[in-house]
Amino acid sequence: MGELDRLTSVEDLRAFGPARLERLAAEIREFLVGSVSQTGGHLGPNLGVVELTIALHRVFSSPQDTIVFDTGHQSYVHKILTGRTDFSRLRKRGGLSGYPSRTESDHDVVENSHASTAISWADGIARANHLAGRTDRTVVAVIGDGALTGGMAWEALNNIAESDDRRLVIVVNDNGRSYAPTIGGLAKQLDALRTSRPYEKVLDWGKRTLQAGGAPGRVTYEALHGLKTGLRDVLRPQGMFEGLGIKYVGPVDGHDVLAVEAALRSARAFGGPVIVHAITEKGRGYVPAESDVADRFHAVGVIHPETGLPVVPSRFGWTAVFAEEIRDIARARSDVVGVTAAMLGPVGLAPMAEEMPDRVVDVGIAEQHALTAAAGMAFGGLHPVVALYATFLNRAFDQLLMDVALHKAGVTVVLDRAGITGDDGASHNGMWDMALLRLVPGLRLAAPRDEPTLRQSLREAVAVKDAPTVIRYPKSALPEPIPALSRSGTVDVLARTAGDGDTRVLVVGIGAFVPTALEVGVRLADQGVGSIVVDPRWVLPVPGELVEMARGVDLVVTIEDGLVENGVGAAVREALLRAGVQTPVRTHGIPTRFLDHASRGEIVEDLGLRAADVARDTAAAVAAHVDIRH
Ligand SMILES: Cc1ncc(C[n+]2csc(CCOP(=O)(O)OP(=O)(O)O)c2C)c(N)n1
């Protein structure tokens, strides 16, 4: 029986001596590789925090002490140590969530998965503890150097610096990487520290001093602090954090449980806000991850555990099409620049960056800054293409509205992973974009249905100089090209079926739901109901041609991969009303609620968004309409 099997509760950990701790860490790594290779998930980040998480749970008493993981993708070890060892259905329906989850455990607090929030959460919880007199509790925020590039983290630090009586420990998990190496001024500072020779000595020193025992807390801290002040040149992060007025302990070797533990104890005993700076290695202990240049196996699909190679090679999908097309556009247009928020590879800007490194900007995990900087670039004569995952655009709504749209800036936003993404859970579904973006004056949004329409929409978008344009596409597989029978404005007519005579229904497929719309048309025809199936492509604002088409039918049906309330279907209904067109509109899409993790297919089925469901609903509506007429 291994150490992991023997662990009955997280408290048991405290009795472990160094040898058992080492064995436990090795077993956890083996477990992570063995299980995540079968399910996919965030492997690299978790391999990097094994010792750090063990130390956290040895020093702090969760859940009385609160541990908040920033983003939450690195919480697998925490899950294991707090009794969740069945990873067989990780990120699958009914299985463990890929992020902390309150329904799973009292040890989990923040589920949101959007980066850079942990320090704010911790600040809030610590304030509440303070006011309620729960003065024995410590709140710990664990935040990566990547997440530390986000503005919110600095807003929180700035605020925390005001109060030195809150029991707050901020652990900076510094592995030098977001997906790719973290960029920016902060990253340079941390880098300089990591690569400096004196740093090795300091690590050694820190270990010896902190492990030497003696009175912990302020005394130890003051000793440490005194020495660090003398090394200010070497330890620039200390200067940086202390410039804000927050105490700093470190750097500490994040793979040395006892050293991390000593630093954490010292920080806890200080009684006010303290930053503990731990240096870790993403992918640690698993050669394929350690040697992965792109992202140290930040997130993997199902892989062969021995080699790290994917079991199913990745297909040429939506992202790859965008990657190719934007590079080609940029070759021909020197004003086009790419902007990414720490996701160069995942959003498909890497090929362009490789060929034209000066023309792609990685702003860090800073979507708000990305959009406002893009407005500035447009003012300066460039055409920025800001590529984000759809869910992360939520962060930058105000910047898109007030900086880009109000200033009529020609900025294109490309949203990958739009609509139902499924396995990453509630916070990762890119389902808010269309409902939100309807509110932005002048904004045009395209939801391409296949490879050719993605290429074409992107080219049309970058031709718009005086307004924001948005292209959104899903995570699901790229369908075979779906040709149009004819085109009216931007509206493609894809199919026409006669049914038993008159055309009765206009079926409007939006983006990823175009294949569904086509199948609805077929199913309706089988029931004798005629239809026209169209794809408006540019769905916001609602094309005038679509309104005209709706005049001649009995019913309009819309199917979209976004919020149904206030979504594109709702926009179509309002556009018809404004134009005096009385045709009723039945809208299908995602309800306004958070969706538990499951596969995209399962969610589509649950929400009644399969072609069979929509066809059944449509046929019933047509029948009711016929009843009314007769
Ligand atoms: C607002 C926001 N933008 C982008 C992401 C996507 N994302 C997830 S993890 C990550 C990198 C995080 O790096 P770091 O905080 O250093 O953690 P590590 O994975 O290196 O442990 C990014 C960019 C996100 N979660 N939230």
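This is a predicted model: local features need pLDDT of at least 70, side-chain atom pairs count only at pLDDT 80 or more; totals for chains, interfaces and linings use all residues.
The pairing of β9 with β11 (residues 469–472) is parallel and runs over four bridges. Strand β9 also has a partner in strand β8 (residues 383–389), again parallel, with five bridges joining the two. In that pairing, Tyr389 sits opposite Asp416 of β9.

How many residues of β9 are buried? Strand β9 covers residues 412–416, and five of its five residues are buried. In a regular strand, side chains alternate between the two faces of the sheet. For β9, one direction is taken by Thr412, Val414 and Asp416, and the other by Val413 and Leu415, all of them buried.

Lys408 lies in the loop between α19 (397–405) and β9. Although Lys408 is not a glycine, its phi is positive, about 50°. Lys408 is partly exposed, because 15 other C-beta atoms lie within 10 Å.

Now to another sheet. Five strands form an open sheet in the order β1-β2-β3-β5-β4, with parallel pairing. Its edges are β1 (66–69) and β4 (247–253), each of which pairs on one side only. From one strand to the next, the twist averages 20°. Inside this sheet, strand β2 (residues 139–144) and strand β3 (residues 168–174) run parallel and are joined by six bridges. Gly144 is found opposite Asn173 in β3. Helix α6 (residues 118–131) packs on the sheet and touches β1, β2 and β3, its direction making about 175° with that of β2.

Where does Ser116 lie? Its place is the loop between α5 (76–81) and α6. Ser116 has a positive phi, near 75°, and is not a glycine. With 26 C-beta neighbours inside 10 Å, Ser116 counts as buried, since the cut-off is 20 or more.

Pro63 belongs to the loop between α4 (50–59) and β1, while Pro251 is in strand β4.

| Cis peptide bond | Omega |
|---|---|
| Ser62 to Pro63 | about 5° |
| Gly250 to Pro251 | near 0° |

Turning to helices, a pair of packed helices is described by the angle between their axes and the distance between the axes. Helix α14 (residues 318–332) packs against helix α21 (residues 451–462) at an angle of about 40°, and their axes are 10 Å apart. That angle makes α14 oblique to α21. The crossing of the two helices is right-handed. On the α14 side, the contact is made by Trp318, Val321, Phe322, Glu325, Ile326 and Ile329. Helix α21 contributes Glu451, Leu454, Arg455, Leu458, Arg459 and Val462. Sorted by class, the contact of α14 with α21 has eight nonpolar and four charged residues, with no polar ones.

Finally, helix α24 (residues 568–578) has a series of buried residues: Val568, Gly569, Ala570, Ala571, Val572, Arg573 and Leu576. After α24 comes Gly580, whose phi is positive, near 75°.

Note on methods
Residues are numbered from 1 along each chain as its sequence is written. A residue is buried if 20 or more other C-beta atoms lie within 10 Å of its own, exposed if 12 or fewer, and partly exposed in between; C-beta atoms are placed from the backbone. Two strands pair if DSSP finds at least two bridges between them. Axes are lines fitted to C-alpha atoms, for helices over the stretch in contact, and angles run from 0 to 180 degrees between N-to-C directions. Angles under 35 degrees count as roughly parallel, over 145 as roughly antiparallel, 65 to 115 as roughly perpendicular and the rest as oblique. A crossing is left-handed if the near helix is turned anticlockwise from the far one by less than a right angle, and right-handed if clockwise. Two residues are in contact if their C-beta atoms, placed from the backbone, lie within 7 Å. Ala, Val, Leu, Ile, Met, Phe, Trp, Tyr, Cys and Pro count as nonpolar, Asp, Glu, Lys and Arg as charged, and the others, Gly among them, as polar.
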